[in-house]
Amino acid sequence: MSKKIVVITGSPRRGGNSFAMTESFISAAEAEGCEVKRFDAAFMNLGGCHACETCFSTGRACSFDDDFNTIAPYIEEAEGVVFTLPVYWYSIPAPIKCVIDKLYSFCVAGRDIAGKKCALIACCEEDDMTVLDGVRVPYERSVALLKWKSVGEVLVPGVLNRGDIQKTDGCARAAELAKAF
Ligand SMILES: Cc1cc2nc3c(=O)[nH]c(=O)nc-3n(C[C@H](O)[C@H](O)[C@H](O)COP(=O)(O)O)c2cc1C
(Lines give C-alpha, C1' and ligand atoms only; values in the text may rest on other atoms or scores of the structure.)
Protein backbone atom coordinates (compact mmCIF):
# COMPACT_ATOMS: atom_id res chain seq x y z
CA MET A 1 0.00 0.00 0.00
CA SER A 2 1.24 3.48 -0.81
CA LYS A 3 2.37 5.70 2.04
CA LYS A 4 0.11 8.62 2.82
CA ILE A 5 1.80 11.98 3.23
CA VAL A 6 0.10 15.21 4.18
CA VAL A 7 1.82 18.40 3.00
CA ILE A 8 0.80 21.65 4.68
CA THR A 9 2.05 24.85 3.10
CA GLY A 10 2.30 28.23 4.78
CA SER A 11 2.91 30.76 2.03
CA PRO A 12 0.19 32.90 0.45
CA ARG A 13 2.44 33.47 -2.60
CA ARG A 14 1.59 31.30 -5.58
CA GLY A 15 4.66 30.55 -7.64
CA GLY A 16 6.85 31.50 -4.70
CA ASN A 17 9.94 29.91 -3.25
CA SER A 18 8.42 27.54 -0.73
CA PHE A 19 5.73 26.49 -3.22
CA ALA A 20 8.46 25.62 -5.76
CA MET A 21 10.17 23.41 -3.16
CA THR A 22 6.79 21.95 -2.19
CA GLU A 23 6.07 21.01 -5.78
CA SER A 24 9.50 19.40 -6.17
CA PHE A 25 8.90 17.40 -3.00
CA ILE A 26 5.43 16.29 -4.06
CA SER A 27 6.51 15.22 -7.57
CA ALA A 28 9.36 13.19 -6.12
CA ALA A 29 7.17 11.66 -3.39
CA GLU A 30 4.54 10.65 -5.94
CA ALA A 31 7.28 9.15 -8.11
CA GLU A 32 8.29 7.10 -5.04
CA GLY A 33 4.71 5.80 -4.91
CA CYS A 34 3.46 7.95 -2.03
CA GLU A 35 -0.08 9.28 -1.92
CA VAL A 36 0.20 12.99 -1.19
CA LYS A 37 -2.55 15.28 0.08
CA ARG A 38 -1.65 18.98 0.01
CA PHE A 39 -3.32 21.72 2.04
CA ASP A 40 -2.48 25.38 1.37
CA ALA A 41 -3.19 26.88 4.78
CA ALA A 42 -3.05 30.48 3.52
CA PHE A 43 -6.06 29.84 1.28
CA MET A 44 -8.13 28.07 3.92
CA ASN A 45 -10.42 29.26 6.65
CA LEU A 46 -8.32 28.73 9.77
CA GLY A 47 -8.38 30.28 13.22
CA GLY A 48 -6.25 29.79 16.29
CA CYS A 49 -6.80 27.43 19.19
CA HIS A 50 -9.34 28.74 21.75
CA ALA A 51 -8.00 26.43 24.49
CA CYS A 52 -11.57 25.34 25.25
CA GLU A 53 -10.32 21.77 25.61
CA THR A 54 -13.52 20.33 24.16
CA CYS A 55 -11.55 18.80 21.26
CA PHE A 56 -13.24 15.88 19.49
CA SER A 57 -16.26 16.10 21.86
CA THR A 58 -18.48 17.04 18.93
CA GLY A 59 -17.03 14.25 16.80
CA ARG A 60 -14.81 16.75 15.02
CA ALA A 61 -11.30 17.73 16.03
CA CYS A 62 -12.12 21.35 16.84
CA SER A 63 -15.38 22.61 18.33
CA PHE A 64 -14.75 25.98 16.64
CA ASP A 65 -15.45 24.53 13.25
CA ASP A 66 -13.02 25.63 10.54
CA ASP A 67 -10.86 24.01 7.89
CA PHE A 68 -8.66 22.35 10.50
CA ASN A 69 -11.50 19.88 10.76
CA THR A 70 -10.93 19.02 7.10
CA ILE A 71 -7.18 18.62 7.60
CA ALA A 72 -7.27 16.70 10.90
CA PRO A 73 -8.53 13.33 9.58
CA TYR A 74 -5.81 13.35 6.92
CA ILE A 75 -3.14 14.02 9.55
CA GLU A 76 -4.53 11.26 11.72
CA GLU A 77 -4.36 8.75 8.85
CA ALA A 78 -1.03 9.81 7.36
CA GLU A 79 2.30 8.12 7.80
CA GLY A 80 4.08 11.39 7.07
CA VAL A 81 3.51 15.11 7.54
CA VAL A 82 5.52 17.84 5.80
CA PHE A 83 5.43 21.53 6.73
CA THR A 84 6.59 23.99 4.07
CA LEU A 85 6.74 27.70 4.76
CA PRO A 86 8.59 30.98 4.48
CA VAL A 87 9.87 32.80 7.56
CA TYR A 88 7.60 35.73 8.48
CA TRP A 89 8.93 38.11 11.12
CA TYR A 90 11.44 35.52 12.35
CA SER A 91 8.61 33.10 12.95
CA ILE A 92 5.87 30.90 11.47
CA PRO A 93 3.25 32.54 9.18
CA ALA A 94 -0.14 32.83 10.90
CA PRO A 95 -2.31 30.43 8.85
CA ILE A 96 0.01 27.42 9.15
CA LYS A 97 0.58 28.32 12.82
CA CYS A 98 -3.18 27.88 13.31
CA VAL A 99 -2.85 24.32 12.00
CA ILE A 100 0.11 23.63 14.28
CA ASP A 101 -1.68 25.13 17.30
CA LYS A 102 -4.71 22.95 16.66
CA LEU A 103 -2.58 19.79 16.73
CA TYR A 104 -3.22 20.33 20.45
CA SER A 105 -6.63 18.75 19.83
CA PHE A 106 -5.03 15.33 19.40
CA CYS A 107 -3.18 15.74 22.73
CA VAL A 108 -6.28 16.93 24.63
CA ALA A 109 -8.42 14.09 23.27
CA GLY A 110 -5.67 11.52 23.90
CA ARG A 111 -5.69 10.39 20.30
CA ASP A 112 -2.57 8.49 19.41
CA ILE A 113 -0.81 10.17 16.51
CA ALA A 114 2.71 9.21 17.64
CA GLY A 115 5.25 7.63 15.31
CA LYS A 116 4.66 9.65 12.15
CA LYS A 117 7.54 10.70 9.97
CA CYS A 118 7.77 14.42 9.29
CA ALA A 119 9.90 17.04 7.59
CA LEU A 120 10.37 20.80 7.37
CA ILE A 121 10.93 22.83 4.21
CA ALA A 122 11.50 26.54 4.83
CA CYS A 123 13.08 29.64 3.33
CA CYS A 124 13.76 33.26 4.14
CA GLU A 125 15.20 36.42 2.64
CA GLU A 126 18.15 37.02 4.90
CA ASP A 127 21.40 35.14 4.37
CA ASP A 128 21.75 34.31 8.04
CA MET A 129 20.86 30.66 8.77
CA THR A 130 19.87 31.60 12.33
CA VAL A 131 16.84 33.47 10.92
CA LEU A 132 15.43 30.02 10.19
CA ASP A 133 15.67 29.15 13.90
CA GLY A 134 12.29 30.86 14.28
CA VAL A 135 10.65 28.00 12.39
CA ARG A 136 13.20 25.22 12.98
CA VAL A 137 13.15 25.32 16.79
CA PRO A 138 9.34 25.19 17.21
CA TYR A 139 9.22 22.44 14.57
CA GLU A 140 11.84 20.33 16.33
CA ARG A 141 10.34 20.79 19.80
CA SER A 142 6.81 20.11 18.55
CA VAL A 143 7.73 16.91 16.74
CA ALA A 144 9.59 15.71 19.84
CA LEU A 145 6.50 16.33 21.95
CA LEU A 146 4.26 14.60 19.41
CA LYS A 147 6.70 11.66 19.30
CA TRP A 148 7.09 12.09 15.56
CA LYS A 149 10.36 11.37 13.77
CA SER A 150 11.85 14.15 11.69
CA VAL A 151 13.40 12.67 8.56
CA GLY A 152 14.86 15.91 7.25
CA GLU A 153 14.94 19.67 7.04
CA VAL A 154 15.49 21.76 3.92
CA LEU A 155 16.30 25.26 5.16
CA VAL A 156 17.13 27.83 2.50
CA PRO A 157 18.26 31.36 3.40
CA GLY A 158 18.88 34.19 0.94
CA VAL A 159 15.73 33.94 -1.20
CA LEU A 160 13.45 36.97 -1.45
CA ASN A 161 11.63 37.19 -4.77
CA ARG A 162 9.69 34.60 -6.72
CA GLY A 163 12.17 32.45 -8.63
CA ASP A 164 15.11 33.11 -6.30
CA ILE A 165 14.87 29.51 -5.13
CA GLN A 166 16.01 28.40 -8.60
CA LYS A 167 19.43 29.92 -7.88
CA THR A 168 19.80 27.51 -4.95
CA ASP A 169 19.71 23.75 -4.48
CA GLY A 170 16.46 24.04 -2.48
CA CYS A 171 14.22 22.27 -4.98
CA ALA A 172 16.74 19.47 -5.50
CA ARG A 173 17.04 18.98 -1.73
CA ALA A 174 13.24 19.02 -1.34
CA ALA A 175 12.98 16.30 -4.01
CA GLU A 176 15.70 14.26 -2.29
CA LEU A 177 13.78 14.50 0.98
CA ALA A 178 10.97 12.45 -0.54
CA LYS A 179 13.21 9.36 -0.41
CA ALA A 180 13.22 9.58 3.40
CA PHE A 181 9.50 8.71 3.69
C1 LIG B 1 5.17 39.45 5.95
C2 LIG B 1 6.55 38.98 5.61
C3 LIG B 1 7.49 38.84 6.61
C4 LIG B 1 8.77 38.39 6.33
N5 LIG B 1 9.67 38.24 7.34
C6 LIG B 1 10.92 37.81 7.07
C7 LIG B 1 11.87 37.67 8.11
O8 LIG B 1 11.61 37.89 9.29
N9 LIG B 1 13.13 37.27 7.77
C10 LIG B 1 13.48 36.99 6.48
O11 LIG B 1 14.63 36.64 6.25
N12 LIG B 1 12.58 37.07 5.48
C13 LIG B 1 11.31 37.49 5.75
N14 LIG B 1 10.40 37.60 4.73
C15 LIG B 1 10.79 37.20 3.37
C16 LIG B 1 10.32 35.79 2.98
O17 LIG B 1 10.65 34.83 3.95
C18 LIG B 1 10.98 35.41 1.66
O19 LIG B 1 10.63 36.36 0.66
C20 LIG B 1 10.60 34.04 1.20
O21 LIG B 1 11.39 33.66 0.10
C22 LIG B 1 9.14 33.97 0.80
O23 LIG B 1 8.80 32.66 0.45
P24 LIG B 1 7.56 32.35 -0.51
O25 LIG B 1 7.95 32.85 -1.88
O26 LIG B 1 7.40 30.89 -0.44
O27 LIG B 1 6.37 33.08 0.06
C28 LIG B 1 9.12 38.06 4.99
C29 LIG B 1 8.17 38.22 3.97
C30 LIG B 1 6.90 38.68 4.26
C31 LIG B 1 5.88 38.83 3.15
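Which pattern does the protein chain follow, read along the sequence? The protein chain follows β-α-β-α-β-α-α-β-α-β-α. This is a predicted model: local features need pLDDT of at least 70, side-chain atom pairs count only at pLDDT 80 or more, and totals for chains, interfaces and linings use all residues. Residues are numbered from 1 along each chain as its sequence is written.

**Overall build**
- The protein chain has six helices and five strands. These are DSSP runs, numbered from the N terminus: helices are H or I with at least four residues, strands are E with at least two.
- The C-alpha trace spans about 50 × 40 × 25 Å along its principal axes.
- Buried residues make up 38% of the 181 residues. Buried means that 20 or more other C-beta atoms, placed from the backbone, lie within 10 Å of the residue's own.

**Around the ligand**
- The ligand is surrounded by 18 residues, each with its C-beta atom, placed from the backbone, within 6 Å of the molecule.
- The closest are Gly16, Ser18, Pro86, Cys124 and Glu125.
- Helix α1 (residues 17-31) gives the largest share of this shell, three residues.

**Helices α1 and α6**
- The axes of α1 and α6 (residues 170-177) come within 7 Å and cross at roughly 35°. Axes are lines fitted to C-alpha atoms over the stretch in contact, and angles run from 0 to 180 degrees between N-to-C directions.
- Ala20, Met21, Ser24, Phe25 and Ala28 of α1 make the contact with Gly170, Cys171, Ala174, Ala175 and Leu177 of α6. Contact means C-beta atoms, placed from the backbone, within 7 Å.

Note on methods:
Contact = placed C-beta atoms within 7 Å. Buried ≥ 20, exposed ≤ 12 C-beta atoms within 10 Å, placed from the backbone.
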